[in-house]
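Reader: Could you take me on a close look at one part of this model, and then show me how other parts compare in setting? I would enjoy a connected walk through it.

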Amino acid sequence: MQIFVAVYRNIISKYQEHIVNYLRRIRDRKNSKELYRSIFDESWYADTYLSSTTSKTDPFRHFITHGISQGLNPCEFFDSQWYLSNYADVAEERISPITHYMLHGAVEGRDPGPNFSTRWYLSEYKDVRESGMNPLSHYISHGRNENRKRHEHQVLMGEIERVVEFLGRRESCDAQVKIFMMQHQLKPNHLPFGYTAMGSDPQLVIKKFIPAGFFKIKMRLTYNNILEQFADQSSLEIFIGDKYGFRSENSWKYHIVNNVCIVDDVLFNPYNIEHIRLDPIDTKGSFQIEYVEIYSMDVFEAIADLTEKYRKKSNQDYAQSLPRHKLVSSQDITKFVRHCSNCELDSAQFYENWIEKRKITDNDRKLIQSTIDEFPICPKISVIMPVFKSNIYFLDRAIESIVVQMYSNWELVIVDDGSNSEDLNRALLSWREKDERIKVVIEQNNGGIARASNIALKLCEGEFIALVDHDDEIAPHAFFAVAQAINHNPQADMIYSDEDKIDLKNIRSNPFFKPDWSPEYFLSCMYTCHLGVYRRALVDEVGGFRSDFDFAQDYDLALRVSSRSRKIVHIPDVLYHWRTLESSTASSADAKPTAALAAQRAVQSAIDSQDFKGTVIEGPFPGSHRIKGSSSDKAKISIVIPTAARRIEAGEERWYLLDLLKSISKTEYLNYELVIVHNGDIESDLQSELEEFKITYVHYDAHEFNIAAKINLGVEHATGEYIVLLNDDMTIISSDWLGEMLLWLKRPGVAGVGAKLLFPDNTIQHAGVVLLGQGPSHIYYGLDRKELGLAGSAALVRNYSAVTGACLMVRKSDYIAIGGFDTAFRINYNDVDFCLRLIELGRIVYTPYAEIYHYESVSKGENPVGDFDLFNERWSKVVGSDPFYNVNLSQRSNVNEITSRPKTFAETYF
């Protein structure tokens with residue numbers, strides 16, 4: 001090692017003048033794009049990142065406008081993530097790894113990635129040393145064409161262009177072909193063909209052409225060091241890359257069982273395949289590729305293989321299962337192949353799988369009855385059902401779904417609101433004769449839904465009332481689930497469940513898996529909806545149903561009941577099936593515009609009765625609402641900005657901090673101060689530009705960089721009643737952003753507010769943080785700015801367990817009370833940790849109406865392993881069990897996909 005250091009120093013000393021001259025030339029360039037161009041490989045970049053793009057995109061332009069901000073690499077030999085993870089000082093200072101390497105790293109002998117040795121290349125090639133040229137730039141432009149080596153060990157375990165010999169039984173050339181692989185979020189480890197995942201989305205891309213049709217894929221991967229809480233959730237996923245690129249609907253997931261994943265399947269693709277992408281694991285951990293074999297198959301060989309598997313799985317011949325004279329399409333073949341394979345279901349089948357998994361067995365029925373027999377509380381549930389000119393077929397189904405309830409302590413009160421239909425009356429009276437628990441009232445005149453509901457309410461004898469529409473259905477275990485929830489939570493005053501839609505053919509679809517009680521989300525839309533159950537005494541106390549809010553009378557009632565409830569309980573199970581009729585709001589929020597207006601008035605009435613002032617207006621889509629605040633608030637807000645004072649591009653007179661302050665100056669809210677926490681290295685040119693702003697400067701000086709400590713220092717010097725933590729690599733979009741965030745922070749019970757952050761290409765960077773099994777994740781990350789999300793959750797004000805500290809508003813008193821940011825988290829997760837402690841003082845709210853551009857890659861480094869491990873250890877009880885993210889959704893998806901491994905009925909309730 002000493003000899004190596006001596007040789008290195010000798011090289012640097014001998015060629016110092018050339019290197020200095022080279023640096024001067026670089027720094028003197030007016031256009032810093034040339035800095036990147038010198039190591040940019042157009043063909044590689046296009047093949048790697050633009051293969052799914054149909055338009056003629058210029059690779060270098062894409063890299064400058066999108067790639068840099070997204071952390072993409074300019075060539076196969078520069079690995080940004082590897083650079084940051086190996087050079088902590090660069091990560092801590094939040095310097096662009098590419099810029100650092102070109103200006104400093106190469107001179108210091110740093111490597112651009114695991115596949116290129118800067119020191120060795122300079123030592124080996126005298127002409128490169130004497131030219132003063134950046135070694136990687138030389139290799140890209142000259143070296144590889146001259147067959148020069150880039151490392152003393154040409155083929156390394158970690159090479160992105162890595163030759164893998166595919167093992168297998170077949171003798172064909174395809175079976176043992178050498179295939180090049182590109183890696184993402186992976187670091188080679190000590191094992192042959194072994195890797196360590198450096199993030200939650202590691203990838204290996206195999207460049208291989210396979211003609212359209214059937215092909216065989218065989219592989220075996222072994223795993224270790226997977227975190228225990230993720231071990232039973234992890235999967236390997238294979239993406240097929242054809243002319244349409246990599247698509248989720250064309251992916252195949254395989255469960256990792258006992259730290260091993262074996263793939264041995266015949267697959268099918270109707271188009272020529274150009275790449276195959278392996279996502280070997282969906283969390284951090286290590287794995288080894290023991291063998292891989294991929295080759296095309298002729299039709300007869302493939303069908304023979306598939307039909308044998310089909311017989312084993314289905315105990316019948318596939319031909320016998322097809323309708324006679326059916327023309328088989330490519331979709332049929334794909335479905336057949338997927339059925340025969342050992343992969344998990346695709347996302348389109350997840351809800352079908354969920355329904356199948358939740359089927360109630362005979363043993364479940366016995367457990368339900370024995371559980372009911374042991375209930376210390378057996379509440380009577382009174383069902384209110386107003387009817388008016390109802391479809392008798394659907395009405396019968398609705399009543400039948402109540403009659404067959406496994407929990408028997410219920411009553412049904414039906415009020416016909418002046419239908420004047422003999423057939424309907426006859427049907428209702430028939431049901432009353434069949435079951436003494438059913439009460440029927442027939443009104444001669446139509447008085448509206450609220451009036452009919454109040455008539456039913458007066459006849460109710462139960463401690464709780466449940467609302468069921470005359471054409472909907474409930475699950476047979478619905479009242480059992482409600483009674484169990486009441487026994488577990490005796491103070492529950494309001495209970496709601498998940499729901500789905502059911503069509504005219506009684507086919508279920510579109511489940512809505514809801515978050516736990518979310519007061520601010522509830523003001524944005526009636527998300528609790530069905531099944532809704534309320535304590536009778538509290539319903540009487542708030543005055544029952546109000547006719548002024550007909551068509552939104554349920555929402556109005558729930559708003560008033562929830563404001564006085566001691567406890568609100570969410571049952572994360574689909575207990576209600578909402579019929580999609582043309583006149584029903586289940587089919588579309590546009591179906592009943594009167595209901596939307598009534599709902600808007602109900603929300604206005606609710607906030608008028610609270611210490612929360614605002615005006616309710618229509619939200620971003622029908623049935624949603626937005627609350628606009630007044631401009632009369634004059635509270636002082638301190639905007640605390642930790643900064644590295646970096647230029648946007650080397651050589652240009654533009655700085656992120658300066659652009660941010662210029663955008664803040666257009667803010668409508670005027671009573672704010674700027675607190676800039678700097679490292680003592682603000683350039684004189686920037687300093688002079690900052691003189692136009694009134695700024696409180698705070699100098700952060702520490703031996704070891706700690707962003708949490710830097711933020712805490714800024715808050716100490718803030719004089720405002722409210723604090724906004726703001727990254728310096730931002731541009732404000734919404735001029736009323738401060739007023740919008742303050743509106744929600746001043747709402748009683750709220751302790752923190754976050755904003756909607758966008759990448760420069762108008763995709764979502766932050767719309768709330770969910771605590772998935774894979775760790776804290778930004779929900780809807782990378783989706784379009786206009787994305788509504790599940791039930792509008794990306795476009796509406798709602799509650800989360802955490803929001804990003806890149807833009808976070810909090811009371812200064814609360815910040816101090818919980819001890820500020822924990823400096824144990826030097827770089828990452830300090831904001832999520834802060835929110836999880838802050839939530840003890842009040843709720844965390846996300847508002848999409850405060851929009852800001854965030855150039856995240858400028859300031860974000862690789863997650864230190866210590867921060868991630870500390871977070872998961874400290875918050876192990878909530879990671880994977882986020883109350884604002886339903887347990888029936890995938891712990892590996894940030895777009896609310898349904899879990900591919902749902903719990904059984906018994907696992908859910910017993």
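Author: Happy to, and let us start with aspartate 47. Setting aside neighbours within four places in sequence, aspartate 47 is in contact with Lys207 and His275. Keep in mind that this is a predicted model. Aspartate 47 and lysine 207 are 160 residues apart in sequence, yet their C-alpha atoms are 9.4 Å apart in space. The aspartate belongs to helix α4, which covers residues 42-49. Is aspartate 47 buried or partly exposed? Its relative accessibility is 39%, so aspartate 47 counts as partly exposed.

Another partly exposed residue is isoleucine 303, with a relative accessible area of 33%. Isoleucine 303 sits in helix α12, residues 299-314. Together with Val299 and Phe300, Ile303 makes a nonpolar surface patch of about 320 Å².

For the buried side of the picture, turn to helix α25, residues 656-664. This helix is mostly covered, with eight of its nine residues buried. The buried ones are Tyr656, Leu657, Leu658, Asp659, Leu660, Leu661, Ser663 and Ile664. Two of these names, Leu661 and Ile664, come back in the largest nonpolar core, which has 133 residues: along with Met385, Phe479, Leu726 and Trp737, they touch the most other members. Helix α20, residues 478-488, gives this core its largest share, eight residues. Apart from this core lies another, of 56 residues, including Leu771, Phe825, Leu838 and Phe871.

Which residues does isoleucine 664 contact, leaving aside neighbours within four places in sequence? They are Ile639, Ile641, Tyr672, Leu674, Leu726, Ile732 and Trp737. Leu726 and Trp737 on that list are also named among the core members that touch the most others.

Finally, a word on the cysteines. The structure holds zero disulfides. A disulfide would need the two sulfur atoms within 2.5 Å. Cysteine 525 counts as buried, at 8% relative accessibility. Cysteine 261 is buried too, with a relative accessible area of 1%.

Technical notes. Residues are numbered from 1 along each chain as its sequence is written. This is a predicted model: local features need pLDDT of at least 70, side-chain atom pairs count only at pLDDT 80 or more; totals for chains, interfaces and linings use all residues. Side-chain values use heavy atoms; hydrogens and water are left out. Buried means under 20% relative accessible area, exposed over 50%, partly exposed in between (1.4 Å probe, protein chains only). Helices (H or I, at least four residues) and strands (E, at least two) are DSSP runs, numbered from the N terminus. A nonpolar core is a set of buried Ala, Val, Leu, Ile, Met, Phe, Trp, Tyr and Cys residues joined through side-chain atoms within 4.5 Å. Contact means heavy atoms within 4.5 Å. Patches are made of residues with over 30% relative accessible area and no salt bridge: like charges are joined within 9 Å, nonpolar side chains (Val, Leu, Ile, Met, Phe, Trp, Tyr) within 5 Å. Accessible areas come from the Shrake-Rupley method with a 1.4 Å probe; for residues, only the protein chains shown count as cover. A salt bridge is a side-chain nitrogen of Lys or Arg within 4 Å of a carboxyl oxygen of Asp or Glu.
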